[in-house]
Amino acid sequence: MDWSNNSDPFGIFAARGMAPPKIPRPSEVSREAKDRTTNIFAHYEKLQGILERHEATIRKRWEKKTRTQRLGILLQAWPGMPLSHRPDFAAFRKHAANLNSVAIQHRTSFIWPIINQEDLGDPKTLTLLLNSRGRNPPHLFAASDGEGMHLGKVTMAIVPIFLNEHAMTLNGMARKEDYGRLVSWDEHEDAFEWTHTRKQFLPGEGLLILEFQERLLEFLVDCCKTILHDIPFDRMTSNEFAIQPEPPLKESLDATGFSTLSILAKEAPYRPPAKLDLQKIESLLSARTVRAEDHIWSLREDPSYFAETMVDMKEHLPGIHSATKSQRDDLAWTQVISSVLVESFFQLESFTELRNQATRLRELSGKYSSELSPEKDLPEEYLAALLRFRHYLNRLIKGVLNQMKLSVAASPPLRAFFVQNVPRSTKSSTIKIIPNGAVKRDKVTTHLIWLLQTLWEDDHNLFLCRMTTVIDELDRLLKAEPKALELVSPYIAMLIGELSIAGECLRQLEIFQPWANGFEAALVDREEGIKKEFTEHTRAWAQVYDAFKEQNITAIRQLGDPSDGRFQYPVGKRQNKANVETLRRSEANLDAFWNAVDDMLYRKAGGLNGTAYKQVLSQPRYLQRTPEWVEPAVKKEQKSNHNNESYEYVPPSSRLFQGTETTSSSARAEVLASGAGKTAKVKRRGVLGEPESTSENDLAPSSSPPPPGSVEDSQPTFQVDARALKVFRTVFFDPAAHTSAGEVAWRDFLHAMDATGFAAQKLYGSVWHFQPTRLDVERSIQFHEPHPRGKIPFLVARRHGRRLSRAYGWRGTMFVLKDGK
């Protein structure tokens with residue numbers, strides 16, 4: 001940046017009581033860069049030669065050593081190595097108020113945050129770092145090494161030298177002569193553009209990267225020297241040792257044997273810079289979109305799920321629990337119903353839109369793959385799509401953070417630590433949330449609330465730390481401290497999971513170097529257009545938001561209020577006439593509520609053309625319903641002549657989004673509530689991997705598929721062991737078949753999914769991502785780990801079965817005991 005016209009370019013340093021940055025001469029910068037580059041390539045070539053001949057030996061010896069022995073080697077090569085993971089983040093938290101005064105003391109932590117005893121003391125981390133730095137040239141890491149110092153640079157704990165009107169070339173510079181070369185703006189016509197778009201580096205940034213790489217590679221060579229202590233250093237790379245094939249790296253798994261996003265995030269700085277993985281982004285967003293669709297359908301199908309969702313939302317809305325009884329009675333359930341409707345709608349719309357954009361990005365990546373080069377700009381079409389995706393992603397994140405701000409202080413485990421001041425005037429809706437000074441916080445609670453507050457306040461601290469870093473630290477705390485886990489309710493864990501999915505998408509964009517460094521500059525001329533397009537594209541979303549406002553919900557509140565037991569659903573109890581009538585009455589009450597919601601929504605927002613909500617509700621789906629009670633004597637006779645079924649499957653009673661509705665909702669509700677409605681009993685159909693039609697033509701009534709069970713099913717049979725079979729008998733509960741109605745251990749559920757061909761990966765919060773690996777399907781699916789207990793309650797397990805049925809056509813009869821198991 002050219003600050004020549006700024007009368008006080010270094011005023012910010014004086015305002016903080018800091019000395020201005022050093023301003024060396026170009027010749028001094030060139031000399032330092034050349035010296036460091038010479039050392040970098042010497043260390044790199046030595047390390048490369050050692051690994052080509054001895055990497056398997058180094059890995060074997062390192063893994064056999066005790067942690068104490070490993071730390072001894074590390075500290076010998078790097079005296080004074082910081083203790084904890086992300087020492088820069090720890091220093092920032094501890095000294096945020098006076099960071100500049102202790103910056104010199106913690107300079108090492110801010111420049112080399114990956115160098116710490118906690119991470120490198122593990123059996124695998126150092127070997128990952130050796131492999132990545134010794135098998136890949138320095139220029140490959142330049143951008144990521146610079147980004148690794150983000151916290152130190154933005155907090156000004158690190159102050160680079162300042163040299164105006166020059167650039168330093170690092171990205172894509174494979175030759176030693178070009179690496180770290182200082183280029184003046186007058187010397188090369190593109191030099192100014194390089195710094196403006198961040199294709200290359202400001203001289204101060206470049207010197208920091210060179211300093212980072214020089215010290216790091218020297219450290220790694222010293223570690224190899226000590227590990228291979230029985231081989232003279234000058235002979236390690238001689239011809240007396242033959243070059244060996246590169247040993248494969250083992251997959252990183254947690255203690256339970258599964259992959260987790262937190263392990264991948266922790267290891268990422270020690271591996272080669274990853275490439276933008278659009279397929280992974282698409283998979284995460286696709287599975288989350290399916291979960292949003294399932295949430296919509298479960299709210300309409302399952303009375304117990306509907307009631308639990310409403311009660312859970314009530315527990316997390318601010319002001320309700322500090323309001324007067326009359327206020328609670330008059331407003332609480334109206335507010336709750338409004339919040340559930342709005343949240344379910346926007347989750348579906350947001351993740352569907354992001355999923356569609358991710359699919360488009362993957363197509364563009366393939367289209368332009370042969371044109372991508374670090375020295376070239378991205379094709380305009382590809383860049384525009386990336387910036388649009390980034391904008392929509394940030395809008396989603398802002399919405400989740402706002403919900404977290406409202407919900408954390410109201411959540412039952414954390415409620416006591418805050419005071420919610422409810423306005424006395426009915427004209428004001430602002431609720432002030434302040435810390436409760438009367439309740440003491442221990443160290444773990446203080447740390448947890450600081451991390452959550454950093455997220456929801458979405459202010460300066462979050463900008464400095466970055467959301468992905470805070471999410472990583474939050475996940476580490478929840479794993480390390482059982483007390484912290486107890487303070488996070490399942491709903492807050494769900495919100496953390498939402499941020500983890502969005503955060504992983506952001507992380508993928510951040511590693512798209514060197515182009516990611518230029519996204520902000522590219523936005524200057526495009527941001528207003530992107531914002532305008534977003535407003536136009538989401539106009540229907542705004543109409544739904546207005547329709548679901550509390551004043552419109554008041555008229556239907558009583559239909560959705562679960563407090564009077566209208567959604568009682570004893571599905572796990574032995575069937576008798578009374579229980580069956582209760583089940584059918586609750587289902588009718590739920591249908592009546594959704595009929596009223598759909599009628600109101602149609603009046604207020606119209607046909608919702610172009611929305612994912614309309615597309616989902618227009619699909620030819622069927623709701624699982626309880627058939628009328630048949631007396632046992634009659635049932636035996638029927639069973640001898642017919643295939644007895646415990647459920648019937650019917651089209652949704654509300655057909656507003658399918659264009660065939662002619663009966664008023666009040667008439668429908670009356671028929672359903674009276675129990676007079678008769679439905680055809682059908683079986684659930686499902687063909688493994690059968691795609692769901694969602695095109696406009698497929699939504700027409702004439703092209704709807706026949707009801708489930710009206711055609712012969714063709715399904716595979718899964719032969720599983722007794723442990724997995726017990727799980728599937730619970731999740732596909734059938735009272736007529738006397739299957740189990742108990743809890744399911746989460747590890748047993750993971751085992752069962754693995755046995756049927758899914759690879760499980762733990763995200764953050766409570767979300768697990770299941771990717772099919774041995775099935776003839778591509779669709780992923782996500783489930784929430786039970787929190788805080790490791791058992792899935794029966795009703796939740798049954799819902800998992802319904803989701804598997806909707807996604808893959810699975811049913812309980814498909815699972816049989818493997819021979820000998």
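## About the model

This is a predicted model, in which local features need pLDDT of at least 70 and side-chain atom pairs count only at pLDDT 80 or more, while totals for chains, interfaces and linings use all residues. Residues are numbered from 1 along each chain as its sequence is written, and side-chain values use heavy atoms, with hydrogens and water left out.

## Salt bridges

Here, a salt bridge is a side-chain nitrogen of Lys or Arg within 4 Å of a carboxyl oxygen of Asp or Glu. Let's start with R59 and E55, whose closest N and O atoms are 3.0 Å apart. These two are four residues apart in helix α2 (residues 26–64), which separates them by about one helical turn. (Helices are DSSP runs of H or I with at least four residues, strands are runs of E with at least two, and both are numbered from the N terminus.) R59 is buried at a relative accessible area of 10%, and E55 is buried at 4%. Buried means under 20% relative accessible area, exposed means over 50%, and partly exposed is in between, using a 1.4 Å probe and protein chains only.

Other salt bridges reach across the sequence. K266 pairs with D122, with 3.1 Å between the closest N and O atoms. K266 sits in helix α13 (residues 261–267) and D122 in the loop between α7 (117–120) and α8 (125–135), so this pair links distant parts of the chain, 144 residues apart. K266 is partly exposed at 31% relative accessibility, and D122 is partly exposed at 22%. E308 and R799 also form a salt bridge, their closest N and O atoms being 3.0 Å apart. This pair links helix α15 (residues 303–314), which holds E308, to helix α34 (residues 794–808), which holds R799, across 491 residues. E308 is partly exposed at 39%, whereas R799 is buried at 9%. Salt bridges with shared partners also join E147, K153, R198, E205 and R466 into one network.

## Aromatic rings

The structure holds 35 aromatic pairs. Rings of Phe, Tyr and Trp (its six-membered ring) pair if their centres lie within 6.5 Å; planes under 30 degrees apart count as stacked, over 60 as edge-to-face and the rest as tilted. F345 and Y613 form an edge-to-face pair, at 5.3 Å centre to centre and 65° between the planes. F345 lies in helix α16 (residues 325–368) and Y613 in helix α29 (residues 612–617), so the pair ties together parts that are 268 residues apart in sequence. Both partners are buried: F345 has a relative accessible area of 0% and Y613 has 2%.

The rings of Y808 and W810 have their centres 5.6 Å apart and their planes at 40°, so this pair is tilted. Y808 and W810 are both buried.

R133 lies over the face of F141, at 3.9 Å from the ring centre. R803 lies over the face of F783, at 4.7 Å.

Strand β11 (residues 767–772) is mostly covered, with five of its six residues buried. On one side of the pairing, β10 (residues 758–762) and β11 are antiparallel over five bridges; two strands pair if DSSP finds at least two bridges between them. A760 has F770 of β11 as its bridge partner. The two strands form a hairpin with four residues between them, and G765 in the turn has a positive phi of about 65°.Strand β11 also joins β12 (residues 781–784) through four bridges, again antiparallel. Here W768 has F783 of β12 as its bridge partner.

## Nonpolar cores

The largest nonpolar core has 175 residues, and those with the most contacts inside it are L126, F219, Y382, F389, L455 and F548. A nonpolar core is a set of buried Ala, Val, Leu, Ile, Met, Phe, Trp, Tyr and Cys residues joined through side-chain atoms within 4.5 Å. Not counting residues up to four places away in sequence, L455 touches L401, M404, L462, M467, V470, I471, L474 and L499, where contact means heavy atoms within 4.5 Å. A second, separate core of 31 residues includes L725, F749, I792 and F815.

Definitions and conventions. A charge sits over a ring if NZ of Lys or CZ of Arg is within 6 Å of the ring centre and within 35 degrees of the ring normal.
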